[in-house]
Amino acid sequence: MAEGYLHPEFKKYKFRELKVYASTEWLADNKKKYRQVFDRYETTYIYAELSFYNKLFDEEDWEINVELKCFSLRKGRKELCNLPFKRKVSKYDSVVFVREGWGNKTEGAFWKKGTYYWEAWVEGEKVATKYFYVEDAGREITHLENPYIQTKSLRLYEGPYDDVIEEDRTYYSKFSSEETRYIYVEIVLENVFNTKAWQCELFTKFYNDARELKGQVIRLQRIEKRDEVIKITAGWGSNVKGSWRVDRYTAEVVFMDKLLAVIPFEIEEEFEEGVPGVILPHRQAPVILTPEEDLGQTFEEVMSKLDNLIGLNAIKKEVRDHAKYIQFLQLRKERGFEEKEEINVHSVFIGNPGTGKTTVAKMMGQLYKKMGLLTKGHVHEVDRVDLVGEYIGQTAPKVKEAIEKARGGVLFIDEAYSLARSNDDTKDFGREVIEILVKEMSNGPGDLAVIVAGYPKEMKHFLDSNPGLKSRFKLYFEFQDYLPQELSQIADYACVEKRVRLTREAKEKIDDIILKAFRKRDRSFGNARFVYDLIEKSKIILGLRIMSDDNPRAASDDELEVIHLDDVRKIDLKDQPELPMIPVDEALLNESLVELNSLIGMDKIKDQINELVKLVRFYRETNRNVLNSFSLHTVFIGNPGTGKTTVARILTKIYKALGVLERGHMVETDRQGLVAGFVGQTAIKTAEKIEESLGGVLFIDEAYALTHKVGGSQGDFGDEAIQTLLKRMEDHRGQFFVFVAGYPDNMETFLKANPGLNSRFDKVLKFEDYSPEDLSRIARLMLEEKSLQPDEAAKAHLDEYFKFLYEYRDKYFGNARTVRNIINEAIKNQNLRLAALKGEEREKTPDDILTLRDVQNFKLDKSGFLFNKKTIGFRNKGSESN
């Protein structure tokens, strides 16, 4: 090497790159903000950066002659500058950078719209040329206004290195880590600067969740003045699958050093189709940007589509009258008339489900767009779940996000009355939603129509819940239930949409089902949804019939689309999930019954359960539906220590043995396991416990605590737990049973707290206090478990003591729990007595006998009672009551 570089033709450098930039800001790794397109109004100097590799790195220092020349092509080729200089190259620099610029320190003073280029010369030899462009849209770019482009759509898709044609693209919000190759951003822009041709340069940068740059794609595209829409795709990845790791990512689009948009996406195990919300610099929340629907129809064409809807005659007239009145106000404004109030486009839709509210809302959005009242005319549909947060501080961002997604169109709030659940529930965050909506409709930036929908009575309560709410809505549209003849027409329309045909007999049967449903309807009647469901179910039955043939592929086109009378007859309007047929486990049943019958006392309880077992067995043997014949949700009423939990566990095993329960386990919980401290959390917590108990029993101890207001608070969430429980008991009928337990007085209050509770729990097991004789038997059984027995004196004293306790018991008497405390105390006394004996004497003293001395501290004396409802009702020296 030492001799090689002395050769006359040896070059001490190797050209690397020539780049252009305008900002003198330093970035990481000695980089600059490299670009090729610059806006006249923000440009002072434009710099060239020449870089080359030092072939004498770590060998010796040397000198190099460099020239940087800039040329303009605005009016022919013209040299703007020639910058020659000699540069010393250090042996410690493996890569050498030479930077120099030209221009004027005043923005917009030197550079004009046109095409330019830098040339780099090294030792008299031209090594590179780099073109750049200066554009002039008449005004500078700001964060609120871009005079060149407007973002219309950002979507993501997956594909190979050579991209995917537009008609074959599938758009995703989540991508598979194992199957993803390149992730492409499809960018659609509106050409705002459409008076001249110009150069558009877009930077698309892909970041992971740690804000590490995964890749960058630069697209430079000439835009002709006839181009209304600009479409650019930029992808990053590898043709080898698996180069994307599970994480959260963003693709950021930059135009002329300004952030244009950010689109987030996730890499997970599976693909998920959809379009993620796009974050725009001037918007408060992400918005869905997709190519707009064809809103090119005229005003009359939109009105004609409305007129073509089945039924809704009153609504059609009201909408047309409303549109004409708006046109009248606009005409007055053109003639110079001033109106004190802006045109009101906020509406209340009242009606049952399936009456066309959402369809009409979409048409009103299009009408408002045609009339210049909205910029987009789309509909963003939400309900309570989309607006109300689970914790303090979460609601406002969710509402603002929904408003921003709807901006330019209609915010359609279905079942809006659920936002005002109760006038006295100050902890419900639905009120916060209403306050934000009122503020938005009063003095927001506009370009928004709010439509709220729901049942008549509830919507009145909703509008009355906030003084300012009712005054913001001037338009009321009442959607009546469809008439049977209109529902019949809807059925015909549904058949056309689903590409099926009904025979005359099948159509008559469909009309008959519709008529019966109409006569029995309540406010939850589905109207058009009900009819669409009928046709869908008929189509499914048609499909099952065809596929059950030996050779379904031989079926003709007619056979594949014609629904017959028998198909419609098979429709089950009350589909219930089929429960598993589990045979009786005789061994487990006998074991459980022996365990039940061996319990001390509770004879009535045993009789009730034994009778139930006989009935269930009889119904199983005669193929009758057990679950429709019996309510197995059970109330256990009794004082502490009467065996409620023990019997609940045995009863669960009995139901499992009889095949009534699929899994036969018991999940034990109480108020703390069901109720949370924040709005929305209680329903989740209760649902999780129910999910855990499916196939078994949910045992709620001290269930009455769910109806007790904590500190008298109106916002207590125990009621929410009860509502969730009742709904799941209905939705999952026969899939699990609920046992509730508690004290007699409190449980009566609990069952009366909600009308639905009494109807769900019609089986009650009442546990009486144990008699003195039962208490003595329990005590002897507990001693036997410890291999102990009382002598006659101790036995007599304990019997008398239990009679004494029974006679003076109150509603807090602990029953078997009290007995256990007494026996534990007696055993402790016996152990202390034996411990006090000397070794020889202790060997002669039996250690399995309980003597009078061990139990004599249990005195028949009322003065020893401690009147505290949380204790068992007596006090012993040195003992602890529970």
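Let me begin with an open sheet of five strands, which run in the order 19-20-21-18-22 and pair in parallel fashion. The edges of that sheet are taken by strand 19, residues 379–382, and strand 22, residues 475–479, and each of these has a single partner strand, so one side of each is left without a neighbour in the sheet. If we ignore direction, neighbouring strands here are turned against each other by 20° on average. At one end of the order, strand 18, which covers residues 347–351, pairs with strand 22 in the parallel sense over five bridges, and within that pairing Ser347 has Leu475 of strand 22 as its bridge partner.

The mean pLDDT of the protein chain is 85, with 89% of the residues reaching 70 or more. Over residues 710–715, however, the pLDDT stays under 50, and for this stretch the model has eight contacts beyond four places in sequence. Residues 867–882 are likewise below 50 in pLDDT, and in the model that stretch has 34 contacts beyond near neighbours in sequence. Where pLDDT is low, the predicted coordinates should not be read in detail.

Strand 2 and strand 8, the latter being residues 125–135, pair in the parallel sense over three bridges, and Asp39 stands opposite Glu135 of strand 8.

The axes of helix 5, residues 395–406, and helix 6, residues 430–443, come within 9 Å and cross at roughly 40°. The two helices are therefore oblique to each other, and helix 5 passes helix 6 in a right-handed crossing. Helix 5 brings Thr395, Ala396, Val399 and Ile403 to the contact, while helix 6 brings Glu432, Val433, Ile436 and Glu440. Sorted by class, the residues of this contact are five nonpolar, one polar and two charged.

What is the arrangement of helix 14 and helix 15? The axes of helix 14, residues 586–597, and helix 15, residues 603–621, come within 10 Å and cross at roughly 165°, which means that helix 14 is roughly antiparallel to helix 15. The crossing of this pair is left-handed. On the side of helix 14 the contact is made by Glu586, Leu589, Leu593, Leu596 and Asn597, and on the side of helix 15 by Lys606, Ile609, Asn610, Val613 and Arg617. By class, the residues in the contact of helix 14 with helix 15 are five nonpolar, two polar and three charged.

In helix 23, the residues Leu775, Ile778, Ala779, Met782 and Leu783 meet Ala816, Val819, Arg820, Ile823 and Ile827 of helix 25. Which classes of residue make up the contact of helix 23 with helix 25? There are nine nonpolar residues and one charged residue, and no polar ones.

Along the chain Ile849 and Ser787 are 62 residues apart, and their C-alpha atoms are separated by 9.0 Å. Setting aside the neighbours within four places in sequence, Ile849 is in contact with Leu788, Gln789, Asp791, Gln830, Arg833 and Asp854.

How values were computed
Residues are numbered from 1 along each chain as its sequence is written. This is a predicted model: local features need pLDDT of at least 70, side-chain atom pairs count only at pLDDT 80 or more; totals for chains, interfaces and linings use all residues. Side-chain values use heavy atoms; hydrogens and water are left out. Contact means heavy atoms within 4.5 Å. Helices (H or I, at least four residues) and strands (E, at least two) are DSSP runs, numbered from the N terminus. Ala, Val, Leu, Ile, Met, Phe, Trp, Tyr, Cys and Pro count as nonpolar, Asp, Glu, Lys and Arg as charged, and the others, Gly among them, as polar. pLDDT is the predictor's confidence in each residue, from 0 to 100. Two strands pair if DSSP finds at least two bridges between them. Axes are lines fitted to C-alpha atoms, for helices over the stretch in contact, and angles run from 0 to 180 degrees between N-to-C directions. Angles under 35 degrees count as roughly parallel, over 145 as roughly antiparallel, 65 to 115 as roughly perpendicular and the rest as oblique. A crossing is left-handed if the near helix is turned anticlockwise from the far one by less than a right angle, and right-handed if clockwise.
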